[in-house]
Amino acid sequence: MSPKRYAIIIVFSGVIIFGLPALTLYLWSTLIGEGSAKSVVEKQKLAPTSLYLSGIKDNNINYKLAIYSQRRSNVVALGSSRSMQVRASFFKESFTNFGGIANSIPELDYVATQIINLNKKPSIVLLFADVWWFNENWQNPRLKYTPSNQPDYLTFTNINLLVKPIHQNGIIFKKDNRLGYGAAYKNQGFDASGSFHYVATVTGDAPSNDFQFQDTLNRINSGTKRFEYSHHHSIDGANRFIQIIERLENENIHVVLIMPPFANTVYQKMMLSKNYAYIETLTKYLHKNLPVFDFTNPNNILGTNDCEFIDGFHGGETVYARLLLQVAASDEHLAKEINTGYLSKMLMRNKGISSPETIKIYGGGKSESDFLGLACNKQF
């Protein structure tokens, strides 16, 4: 066999062995809606009721920035997953939810820099701060954060992430109004504004991860997974946090600082344990330096109850509707942006339902179930 023919065979074999599988993975990823942040946002613009959730990457910073670049909203919500239930429908004009990309003070510092560097900055940032950000027994708030560089398409190295969902549901090539492996397989995801919808959970198609708040209560019993015990907050962390807010406000961005609530059952368990004294020292310290809307205790939100929570520490959209109406009553900047009429009507017709808009638009005709097992009335 001549060297030339041998080389051709080697190249052809390489294409067969590596090229075709790689092309197959790429096409599958494309069909199911994975891709660059910009391409996903463009797809959601064309299909406004679609939900997006990647199954191969969890770095949503570029995605949320791409949403903002398109919407150029006056108001944004910023924080961890505990800010993702704030909806665009709550506001008179365009709104972007940056929730899920600031999960610690170092991450908040990074995201704040991205916001400051925007050509068109928002006028109002609704900043939802988790108490554990200031607990050094959970994470050192003085650390630096560097975003991970994750692929836009399915690769040989991350295909293992899909083994379980494929085993449970088979191979899905495309699902209507669902973009990304996460949205297609889990039936949940971000809407076009960046707000998140737990469709499968609230309809009962997927079991709750916190049935009767047992997972959260176990965290409190063991002092783990964001519920680490501490008697004093981190002064360094609090000071760094204050500096971040000052940086934003120096750019003429009005920051509304909100401490999001726990479910009442969970909050009472935490207080009775006497292992979370740092929360009280933290709120007192912040109050000395900043205006704070403290809803850590859910009883500070008029009319809310455990049935309006997704789990022990994630309020549903009804919780955030109530919360923002109260905040707007004291903050003239936010009052100009809030769609008071819509929120008032929404709260009048909801009977303990945590996500009525999700059910109406994304639920596929299904109603919300008593997914937490709390004997909640879920009827309109």
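First, the ground rules. Residues are numbered from 1 along each chain as its sequence is written, and side-chain values use heavy atoms, with hydrogens and water left out. Because the model is predicted, local features need pLDDT of at least 70 and side-chain atom pairs count only at pLDDT 80 or more, while totals for chains, interfaces and linings use all residues.

I will start with the cysteines. A search of the whole structure finds one disulfide, the term meaning a pair of cysteine sulfur atoms within 2.5 Å. The partners are C307 and C376, with sulfur atoms 2.1 Å apart. These two come from distant parts of the chain, 69 residues apart: C307 is in the loop between β9 (292-294) and β10 (309-311), and C376 is in the segment after α15 (356-362). Helices (H or I, at least four residues) and strands (E, at least two) are DSSP runs, numbered from the N terminus. The torsion about the S-S bond is about -85 degrees, so this disulfide is left-handed. C307 is buried at 16% relative accessible area, and C376 is buried at 10%. Buried here means under 20% relative accessible area, exposed over 50%, and partly exposed in between, with a 1.4 Å probe and protein chains only.

Next, the rings. Rings of Phe, Tyr and Trp (its six-membered ring) pair if their centres lie within 6.5 Å; planes under 30 degrees apart are stacked, over 60 edge-to-face, and the rest tilted. That rule gives 19 aromatic pairs. In one of them, W132 and F262 have ring centres 6.2 Å apart and planes at 65 degrees, so they are edge-to-face. W132 is in the loop between β4 (124-128) and α5 (163-169), and F262 is in the loop between β8 (254-259) and α10 (264-273), so the pair ties together parts 130 residues apart in sequence. Both are buried: W132 at 2% relative accessibility, F262 at 0%. R82 lies over the face of F262, 4.8 Å from the ring centre; the criterion is NZ of Lys or CZ of Arg within 6 Å of the centre and within 35 degrees of the ring normal. Elsewhere, ring pairs join Y52, Y63, F190, F196 and Y198 into a cluster.

Last, the serine. S80 is in the loop between β2 (75-78) and β3 (95-97), and is buried, at 5% relative accessible area. Setting aside neighbours within four places in sequence, S80 has contacts (heavy atoms within 4.5 Å) with residues including G99, N103, F128, D130 and W133.
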